[in-house]
Amino acid sequence: MIDPKRLRTAPGDLARALARRGFALDVARIEALEARRKVAQKALEDAQAERNARAKAIGRAKAQGGDIASLMAGQEALAARLAAHEVELQAVQAQWDELAAALPNPPDDDVPDGRDERDNVTLRTVGEPPAWDFAVRDHVDIGGLLGGLDFGAGAKLAGARYAVLSAGLALLQRALTQFMLDLHTQVHGYTEVYVPYLANRDSLFGTGQLPKFEKDLFKIEGLEYFLIPTAEVPVTNLVRDATLSAGALPQRLVCHTPCFRSEAGAAGRDTRGLIRQHQFEKVELVQVTAPEDSARAHEELTGHAEAVLQRLGLAYRVVALCAGDLGFAAAKTYDLEVWLPGSGCYREISSCSNFRDFQARRLRARYRPREERPALVHTLNGSGLAVGRTLAAVLENYQEADGGVRIPEALVPYMGGLTTLRPSES
RNA sequence: GGAGAGAUGGCCGAGUCGGUCGAAGGCGCUCCCCUGCUAAGGGAGUAUGGGGUCAAAAACUCCAUCGAGGGUUCGAAUCCCUCUCUCUCCGCCA
């Protein structure tokens, strides 16, 4: 949510910032609503003040055994006035709230201009894509040779875009998860949390998935619960309605969860393989910081996600999203894209964003600076990493001519000492 | 799932038959005084959000908030209804 004060006093500036991400802010409507609001709120509050004063007078008179009848005159008219003003203010407020909730976060000044992903800026490329002396396979074909990657079974159990992993691949996915969690907790100083995989409306509103993106979520029939699309939702909501002491910041939390996305609107995209599934595993990094620290924390958090790729020996690049490609709640985002030899391109495997106070305002997540009134915190998060896509990346980057897969050194301890996965005999 | 109890400010906790209650008291915290250190003592202050006057700040003032939402009333922390959550006991259970 954007600062309503800013929306009221400087809608023009805001409109310019939002225009960078292709969002047209209706300044005239805002100014009209604001004018109405001002009148309505003043009128209502004046009427309330009068009601309070009269009630007090009546109470005082009654206590002294005085005459009340004269004081009661005109109360009905006042009550009617009060009700009318209340209706008007509520109507204005409802329109305002709806409008405000639909506004995306304005991009940071240093976010590159641009309309869509084609305008994103590659900041750096790390590692060399491996060279091959045989025809490379993608992870689906490799999985077919190894066994243990079964989309047919996923379709039977649930439907399209679900997979069943077994044996070596199930172990490899678990190894990746454990490796990431250990790295972030033991080396990067994050605290691991375990959270519910269902979230209520308040939580999803807090991080910005609602009200705009309900279509992308799985909803539990008959209940106001949604399957979480990312651990960002439950973990960030830990600080909802909280006032943290300054000393409690920054908070660095890491959480492994399955993620559920209905992928509405993605029909026909990335239908092959593990890239775009309805259910996938992810290790998520979340930070809650003081406002002045969030920019630095964003760089650090991105580095923490990069460290996973580096230790796995995977080539990747870091991309600054342009204003037009930013997510709804993000002020600035770096994507990490891993090299996938099977498709010969870099694919997003992590997205690291600084939300500034946008989520915090929705969450009412504050902290108490020394000697000052409470102020909103800043929130950040990033995938560290998406496990399913990392699994695909490892399979493709560590494949051998016969369809076997070497285990990256960092993962060997998590694989019970196994150093390769061998194609099955069948 | 059944029965009962509860939800008040940073924390604990009081709120009598609805009226001057944004809320006693305590703890904590901040500032000041006193005390040669330490301990103890005295005084003052200490919720959040929003509006108005204003270019803005300060200041003044108004409104809202005692789990959430409705209702009754001139007036609700106090009465009524719905919901949420917590606790206790019973049942069931990984």
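Asp270 is found in the loop between strand 8 (251-260) and strand 9 (279-289), where helices (H or I, at least four residues) and strands (E, at least two) are DSSP runs numbered from the N terminus. This is a predicted model, in which local features need pLDDT of at least 70 and side-chain atom pairs count only at pLDDT 80 or more, while totals for chains, interfaces and linings use all residues. Residues are numbered from 1 along each chain as its sequence is written, chains are lettered from A and ligands numbered from 1 in the order in which they are written, and side-chain values use heavy atoms, with hydrogens and water left out.

**Asp270 up close**
- Asp270 counts as partly exposed, at 23% relative accessibility; buried means under 20% relative accessible area, exposed over 50%, and partly exposed in between (1.4 Å probe, protein chains only).
- If you leave aside neighbours within four places in sequence, Asp270 is in contact with Arg161, Ile275, Arg276 and Arg347, and contact means heavy atoms within 4.5 Å.
- Cys259 is 11 residues from Asp270 in sequence, and their C-alpha atoms are 17 Å apart in space.

**Gly208 in its loop**
- Look for Gly208 in the loop between helix 9 (201-207) and strand 6 (225-227).
- Is Gly208 buried or exposed? Gly208 is buried, because its relative accessible area is 5%.
- Beyond its neighbours within four places in sequence, Gly208 is in contact with Phe213, Phe328 and Arg362.
- Pro104 and Gly208 are 104 residues apart in sequence, with 8.9 Å from C-alpha to C-alpha.

**Where two helices meet**
- Helix 6 (residues 139-146) and helix 13 (residues 387-397) have axes that come within 9 Å and cross at roughly 75 degrees.
- That makes helix 6 roughly perpendicular to helix 13, a label for angles of 65 to 115 degrees (under 35 is roughly parallel, over 145 roughly antiparallel, and the rest oblique).
- His139, Ile142 and Leu146 in helix 6 meet Ala392, Leu395 and Glu396 in helix 13.

**The whole chain**
- Chain A has 13 helices and 17 strands, and its C-alpha trace spans about 100 × 45 × 40 Å along its principal axes.
- Of the 426 residues of chain A, 47% count as buried.
- Among the contacts in chain A with a separation of 6 or more, 73% come from residues 24 or more positions apart.
- Chain A is divided into domain 1 (26-101) and domain 2 (117-425), with bounds from an automatic or database domain assignment.
- The C-alpha centres of domain 1 and domain 2 lie 50 Å apart.

Technical notes. Axes fitted to C-alpha atoms, helices over the stretch in contact; angles between N-to-C directions.
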